[in-house]
Amino acid sequence: MTTLLEIEGLQTQFFTSAGVVKAVDGISYTVDQGETVAVVGESGCGKSVSALSILRLVADPPGKVVGGKIKFQGRDLLQLSDREMRDVRGNDIAMVFQEPMTSLNPVLTIGMQITETLQHHLGMSDEEANARAVELLGKVGISEPQRRLAQYPHHLSGGMRQRVMIAIALACEPKLIIADEPTTALDVTIQAQILELMKNLTREFGVALIVITHNLGVVARYADRVNVMYAGKIIETGTAADVYHNPKHPYTLALLKSVPRLDLPRQAKLDPVEGQPPDLARLGPGCPFRPRCRHAVERCARENPPLEQVVPGHYSACWEKSNLTSAGKPIS
Amino acid sequence: MSEATAIRKSEATPTPQPGLQENLIEVRNLKMHFPVTEGIIIPKVVAHVKAVDGITFSIKKGETLGLVGESGCGKTTTGRCILQLEKPTAGDILYNGVNLNGLGNKEMSPYRQKIQVIFQDPYSSLNPRMKIREILSEPMRVHNIVPDSHARDKRVLELLNVVGLTPRFADRYPHEMSGGQRQRIGIARALAMNPEFIVCDEAVSALDVSIQAQVINLLEDLRDEFGLTYLFIAHDLSVVRHLCHRVAVMYLGKMVELADCDELFDNPMHPYTRALLDAVPIPDPTIESGRQHKIIKGEIPSPINPPSGCVFHPRCGLAVDGCSKAVPEFKELRPGHWVACTEV
Ligand SMILES: Nc1ncnc2c1ncn2[C@@H]1O[C@H](COP(=O)(O)OP(=O)(O)O)[C@@H](O)[C@H]1O
Ligand SMILES: Nc1ncnc2c1ncn2[C@@H]1O[C@H](COP(=O)(O)OP(=O)(O)O)[C@@H](O)[C@H]1O
Ligand SMILES: [Mg+2]
Ligand SMILES: [Mg+2]
């Protein structure tokens with residue numbers, strides 16, 4: 001497979017009165033053509049900021065990409081002019097957000113919002129754009145597409161609006177779609193519909209997908225590979241099977257253990273990670289997970305562990321990674 | 001569900017509750033129809049939103065009843081009716097045998113203390129200008145639960161301790177806390193009233209998984225320690241299975257299934273319950289790749305004009321001709337297992 005996107009040492013910071021927030025602190029990963037990569041982690045760990053950084057949509061000020069490279073089809077997006085970057089956003093990379101209501105324009109009809117993209121980026125005529133819009137709405141499972149073109153976003157349910165967002169994302173025939181919590185606001189039933197739709201369409205069109213989520217089930221169902229983030233860093237990465245069946249970072253382990261599961265016997269008690277994620281404006285020298293970690297050793301307080309290979313394709317940022325067994329218990 | 005994901009029999013059951021025989025809450029044929037009006041000068045009622053449309057259930061002392069279903073099916077409205085925040089269109093709500101619907105403000109007062117609520121979004125329900133100390137002590141003063149101000153201060157610290165927060169949080173404002181910490185304050189505020197019964201309306205839904213697990217454990221500990229009874233409203237079925245003794249499934253204002261927790265998850269009967277369970281992704285890629293997903297079509301229709309007959313029939317894979325005509329009876333198909341479907 002050819003590499004489509006290659007992120008190297010990306011660093012994004014916010015310069016606030018409370019100090020410098022290291023929202024994304026040196027992350028690297030790749031996305032191949034047609035592949036689905038998940039970014040998972042708890043709120044505030046830098047998932048959205050890392051996605052916005054790819055598209056250069058981080059609000060500046062207070063935010064700034066301060067380091068790294070974002071190579072898309074070989075070109076470093078961080079070196080492009082604003083104009084070139086707009087073209088990338090219109091033609092190559094599309095984004096789908098959690099709350100479609102805020103990304104759809106409330107005073108424009110659904111039809112206008114889709115045809116605008118088609119006319120602007122693909123230079124279609126009115127009739128061509130209209131016909132294509134109807135086709136796209138049909139593809140995303142919206143009934144009576146012709147009639148829907150005249151409707152406004154508030155006429156639609158949350159699930160329907162997200163379908164429209166996907167239609168708009170697909171309109172410019174992108175090579176990569178970044179979906180930031182696309183189903184977090186939806187019911188499980190609608191979530192399943194939308195994710196299945198995205199999976200089928202990305203396959204059909206050969207589009208790569210970065211799906212950002214905090215839902216471990218969603219990752220397991222849809223992702224080829226997964227990046228687990230904590231405090232602005234990727235702390236574990238690998239195939240979904242490797243990461244779930246053989247987690248090599250205590251945080252991943254803890255996350256997996258803290259969700260009740262429908263397929264396992266009911267536990268008497270959940271086993272949560274205690275404490276809370278750190279303040280990204282006040283990170284110390286050691287591993288940011290150390291205060292919550294059950295496997296921490298003395299070295300963890302001094303040195304932040306780099307992301308290192310455990311087995312080919314599976315990486316972990318933990319000094320104790322080889323002492324974590326597949327069952328998730330430390331070797332005593 | 002496919003074989004791979006057939007839910008396995010549970011080994012652990014929630015702590016059996018002593019004296020589980022007595023009903024604390026009885027809800028009988030509850031209906032809450034909100035009028036839809038048109039016209040500004042002389043508003044005219046043109047239709048009704050049938051948010052809750054004739055549901056009956058009870059909750060025993062010490063029991064946790066889960067209430068699940070897609071958004072808009074009437075869960076919150078049911079909770080609000082029990083809390084007497086809505087005046088039901090029809091039906092009765094009995095607390096310890098006393099019909100709350102008939103009570104005047106004064107007679108209702110002791111029940112307003114015994115029945116508490118924890119909301120999804122603690123932020124919007126906490127006064128941003130008050131310190132945590134005031135947020136917790138104010139209701140104790142108003143309801144004369146702890147009349148002495150020194151005793152109240154002491155009680156605030158006790159409550160913080162119970163919900164796992166250090167005393168220094170007493171001097172913080174809500175915006176100076178994380179979501180998980182604010183949810184603990186929401187819980188502490190409910191506990192301040194010495195409640196017997198708590199409606200938890202999506203109380204853990206907005207929390208991150210590690211924090212959610214902490215709060216679930218806290219709710220369990222408090223239930224055991226204070227003998228609390230919960231109505232646990234949630235859309236996350238795995239959380240409901242973990243925490244509840246019995247589970248009720250709602251669809252478009254109706255109850256479609258009600259059973260003991262293990263029975264419901266091991267042997268779901270209503271096609272809607274099965275569809276809900278099928279939609280939950282399991283956090284295991286191997287299981288997921290072997291699973292056959294029969295994804296439910298369509299969306300929950302408007303409660304203004306609900307479908308005829310069985311309200312679920314337009315989305316149902318089992319529906320036959322009769323389903324669009326007759327409303328299915330809510331029947332006890334196995335001991336304690338109630339289902340409203342003619343096709344199972
Ligand atoms: N405009 C901003 N100003 C200051 N800090 C910000 C801003 N936007 C995001 N951050 C901080 O960056 C960090 C990462 O945020 P985000 O990427 O949104 O997290 P996630 O999507 O994983 O929940 C958080 O600590 C957040 O508070
Ligand atoms: N005060 C109200 N007036 C009119 N309709 C309402 C009111 N409160 C709730 N509803 C409607 O009643 C239905 C059930 O709502 P709700 O009980 O909040 O559902 P849930 O909590 O299951 O998501 C929804 O269609 C909602 O829009
Ligand atoms: Mg985010
Ligand atoms: Mg609700």
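1. **The sheet.** In this predicted model, chain A has an open sheet of four strands, ordered β2-β1-β4-β5. The pairing is antiparallel. The edges are β2 (19–32) and β5 (75–76) of chain A. Each has a single partner strand, so one side of each has no neighbour in the sheet.

2. **The β1–β2 pair.** Strand β1 of chain A covers residues 3–16. It runs antiparallel to β2(A), and 11 bridges join the two. For a point of reference, look at A:Q11, which stands opposite A:D25 in β2(A).

3. **The helix on the sheet.** Helix α1 of chain A spans residues 47–54. It lies across β1, β2 and β4 (63–72) of chain A. Its direction is at about 115° to β1(A).

4. **Extent of the A–B interface.** On chain A, 44 residues are in contact with 52 residues of chain B. About 4300 Å² is buried between the two chains, and carbon and sulfur atoms give 57% of that area. Three residues stand out: A:R221, A:L262 and A:R266 supply 23% of the area that chain A buries against chain B, more than any other three residues.

5. Four salt bridges are counted between chain A and chain B. A:R221 forms a salt bridge with B:E288, with the closest N and O atoms 2.8 Å apart.

6. Helices α7 (158–171), α8 (188–205), α9 (216–222), α10 (240–245) and α11 (250–258) of chain A each supply at least two residues of the side that touches chain B. α8(A) gives the most, with seven residues. The residues of this side of chain A divide into 20 nonpolar, 14 polar and 10 charged.

Definitions and conventions:
Residues numbered from 1 in each chain as written. Chains lettered and ligands numbered in written order. Predicted model: local features only at pLDDT ≥ 70, side-chain atom pairs only at ≥ 80, totals over all residues. Heavy atoms only, no water. Pairing = 2+ DSSP bridges. Contact = heavy atoms within 4.5 Å. Axes fitted to C-alpha atoms, helices over the stretch in contact; angles between N-to-C directions. Buried area = accessible area lost by both parts, 1.4 Å probe. Salt bridge = Lys/Arg side-chain N within 4 Å of Asp/Glu carboxyl O. Nonpolar A, V, L, I, M, F, W, Y, C, P; charged D, E, K, R; others polar.
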